[in-house]
Structures are given as C-alpha cells and as structure tokens.
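User: I am new to this structure and would like to learn how to read it. Could you take me through some features, one at a time?

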Amino acid sequence: PIMLLSPLTAGAALVSPGKLYLGIDAGTQSTKALVYDAAQRAVVGRGAVSYEMLESDVVGRAEQDPAVWVDAMWRACREALADAGGDAASRICGIGVSGQQHGLVALDASYEVIRPAKLWCDTESAEEAAELSKSLPVPIVASFTASKLLWLKRHEAAAWARLAHVALPHDYLNYVLTGELVMEGSDASGIGLLDVGARAWDASAARLVDAELLDKLPPLIGPGEWCGRLQTSAAEALGLPCGVPVSAGGGDNAMSALGCGCTAVGRVAVSLGTSGTVFGKAPAAARDPSGTVCSFLDSTGGGLPLVCTLNCASVPEEVRAGYGLGRDEISSLAAAEPAGCDGVSFVPFLAGERTPNWPHASGALVGLRAGHLARPGLLYRAALEGATFALRAAAMPSPPTPSV
C-alpha cells in the first residue's frame, strides 16, 4: 500500500498523468516494493527481497538486524524500478513506507543502531509487560514496545546507557531515506505509551519505564504530513532524484487498511501473514479494558481496533519446511485431505501467543495415529486449520459458559 500526500507540490494533483509513486513494505520475512501509476490505478513494477530472523536458542527471542532491512529496501526498490522500465526513476514523485509494528530499534546519540531490533513476535519481555499493565490505563502484551524498553533497561545496562532515540522499523527506514526521525500515530499507538485520544505521548506512562524516556521518543506527526525529503545518500542508493517527498507512512496494519479500502466505519479486513490480524475502521481508538482489542490508530486520523495472533502463516510454513516440499506440492496434498484432518489438531502456539495472552505457550499436535506422520498434506492442513481457528477464536471469543 502507498500513502499519498497532499500536496506533494503546491497546487499539484496527485494523479496527474506521468506521475509514479514508490511504495515500500518492510515485513518480518521480506521487504517488498512497488511502483504505482496513480493516474492509471495500476502497479507497474514490483520487487521483493526475503530474509530471516537472527538464529537464537533463547526461548521467546525474535530479533533482526536493521541493516538487513536497509539492504533489502535498496534491492527491492531497484528491482521494482527496473521492472517498471523506461524512465520510471525520474518520474517518482512520492515515497511511502509501511513496516512491521512494535519492533524496538534502539539508536544512540548519533542515530547508530545499538543492538538487533527486538521484533513484535519477541516474547522475552512478558514479565515486563505484565508489570507495566498493572499501572497502564489498558493492559499490554509482550509485543508492545514499552515492554521491550523496560526489558532492555533491566537486562542490557550498557545498551540502555547508550540509548538516545527510540524508533520503530518503518520510522528507522524513513530516517535512512530522509535523515529525519519522526513517528506517526498508527505506529506510535503500538508502543503502549501513547495517549491515543490526545494523539500525544503519555508522560506518566513513559515514566513507568524510565524518568528520561520521554525525551528519547521521536516527535509525532499527522497522517497527512511528510516525514521529509529523500536525502542524497538514499537518492544515490535508489537511483532517484534528491528531494522526493517521503510520506509519514505507517504501521503495516494501518497501511493494509488503506490498501484494501478499509477506510469507512463498518468495513473489516483480515490479514494473514506471519501473524494473523482482524481490524476495522472506527471513528476513534478502541478502549478495551482487557487489552484484547488493541487501541490502535489508523492512517487517516481515526481508530483501527485490531485483534492479532502471533502464529498464522508461519505455522504451516514450519510443516512445509520440515518436509522439504514446495508450496504448490504441499498445498495440493493438503487439498486432498479431509476437513478435520482425521482427528488431528495442530495447536499453533509455536511462538507463544498474544491473543490469548499466553507468551510462554507452545504448540502441540494432538490426535496422531499410525501413518499420520507420513502424510505431510495432513499435517499442513492441520496447521492451516489450527492457525485459522485460533484467529477466529481471538476475533470472535465465545461467551462465558453459564455456571450451573
């Protein structure tokens, strides 16, 4: 999805013939880029670069080196521009960045990365999340950045001492593009320290982590504001002119809402990726006292109530990789298996779980009988069913069972 600004230049129409826009999405498994012709309403170039998380034997740890995102951004964008062909690079009039939410990018006073980013699916900070939840207006889970900041303070004193600036993944890429570190509401609402009603940092919440943290949080900008303009080093890396406007961008879920047209109250979207999410447009941020429905903001000035599970497409992918089969092959095998998988159930909590808030949970295969392990399609389908019904249970919780 691309976030378009108004105006890019005084009096200029966003959809004038010949104008192209570059959209970037930095996800957990890959960075994608596309070139979009707004006048034709058509994608004219695509690029993608895949990567992995850092290997670790620590339970609950999920980290990536932000330098990997930067390299992937350069490569994916160059691929998309080449795919667009012709003079596409000279016609780019705006850039928008979407990114995985919650990830802690810790920067020093020189804006250098201090340590690998702790991702949204990292659950090492479960204890800190539980502690902060006792004092915050709405409880948070380990995915939220506030818990990762408190974890960093307690477990890596040297890194904490160097911390001068806090960024999220898409903010960091915006900084690389423009030299400006700012944050907009959709991503900021996933930190756990934002007053979503006032769209301002909550000083009392920030003090729960550290008395000086507020000064390390970036300035907030509105959804229609520019982050900045493309700086020389980024322009050279991309082969673009200097000064191209870079939009505020946003968290991946808010950008997905824009991309799929979920911009009117009453519309709901389902996104199936490494995580599973269900979200919808609302006039303002939700206020769920249980914390199950996240109090997120969208990228148009409204709310984006959202439910998320940690384990979605990653679960069947674990089965596919374990059997060493291609996606088309194992999908065909799964399609031939019966619904219900002959009684095999796959509890999908391979990375712990966020909804319900079970950060230390693990996965399980239940109902195995002789011959089942020799049917990769059966286990793949069971993983699909497990992840699907886990998301359904999170988004549509059953009513309490009446007491007898």
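Predicted model: local features only at pLDDT ≥ 70, side-chain atom pairs only at ≥ 80, totals over all residues.

User: Which residues touch the most other members of the largest nonpolar core?

Analyst: A nonpolar core is a set of buried nonpolar residues joined through their side chains. Here the largest one has 48 residues, and Trp-74, Ile-92, Ile-95, Leu-177 and Leu-230 touch the most other members. Elements that give two or more residues to this core include the strands β1 (20-26), β2 (30-37) and β5 (92-99), as well as the helices α6 (169-178) and α9 (232-238). The most comes from α1, with 9 residues.

User: Which residues does Trp-74 touch, leaving out those up to four places away in sequence?

Analyst: With those left out, Trp-74 touches Val-176, Leu-177, Ala-234, Ala-237 and Leu-238. Another core lies apart from the largest one; it has 43 residues, among them Leu-104, Ala-146, Leu-163 and Ala-206.

User: How many salt bridges does a search of the whole structure find?

Analyst: Side chains of opposite charge can pair when their charged atoms come close. The search finds 20 salt bridges in the whole structure. One of them joins the side chains of Arg-115 and Glu-63, at 2.9 Å from N to O. Arg-115 is in the loop between β6 and β7 (117-118), while Glu-63 is in strand β4 (residues 63-64), so this pair ties together parts that are 52 residues apart in sequence.

User: Are Arg-115 and Glu-63 buried or exposed?

Analyst: The cut-off for buried is under 20% relative accessible area. Arg-115 has 11%, so Arg-115 is buried. Glu-63 has 8%, so Glu-63 is buried too. Both residues also belong to a network of salt bridges that links Arg-61, Glu-63, Arg-115, Lys-118, Asp-122, Glu-124 and Glu-156.

User: Where do the partners lie in the salt bridge between Arg-375 and Glu-337?

Analyst: The side chains of Arg-375 and Glu-337 meet at 2.6 Å, N to O. Arg-375 lies in the loop between β20 and α13, and Glu-337 in the loop between α12 (327-335) and β19 (345-347), so the pair ties together parts that are 38 residues apart in sequence. Arg-375 counts as partly exposed because its relative accessibility is 26%. Glu-337 counts as buried because its value is 14%.

User: Which residues make the nonpolar surface patch of about 340 Å²?

Analyst: A patch of this kind joins nonpolar side chains that have enough accessible area. Here Tyr-323, Leu-365, Leu-368 and Leu-373 make the patch. Leu-373 is in the loop between β20 (364-366) and α13 (376-395). With a relative accessible area of 53%, Leu-373 is exposed.

User: Is Ser-247 buried or exposed?

Analyst: Ser-247 is in strand β14 (residues 245-247). Its relative accessible area is 0%, so Ser-247 is buried. A polar atom of the Ser-247 side chain lies 3.1 Å from the backbone nitrogen of Gly-249.

User: How far apart in space are Pro-223 and Glu-212?

Analyst: From C-alpha to C-alpha, Pro-223 and Glu-212 are 27 Å apart in space, and 11 residues separate them in sequence. Pro-223 is found in the loop between β12 (220-221) and β13 (226-229). Pro-223 counts as partly exposed, at 25% relative accessibility.

Definitions and conventions. Residues numbered from 1 in each chain as written. Heavy atoms only, no water. Helix = DSSP H or I, 4+ residues; strand = E, 2+ residues; numbered from the N terminus. Buried < 20%, exposed > 50% of the residue type's maximum accessible area, 1.4 Å probe, protein only. Polar contact = N/O pair within 3.5 Å; in protein donor to acceptor, adjacent residues only side chain to side chain. Patch = residues over 30% accessible without salt bridge, like charges linked within 9 Å, V, L, I, M, F, W, Y side chains within 5 Å. Areas by Shrake-Rupley, 256 points an atom, 1.4 Å probe, with all protein chains shown as cover. Salt bridge = Lys/Arg side-chain N within 4 Å of Asp/Glu carboxyl O. Core = buried A, V, L, I, M, F, W, Y, C linked by side-chain atoms within 4.5 Å. Contact = heavy atoms within 4.5 Å.
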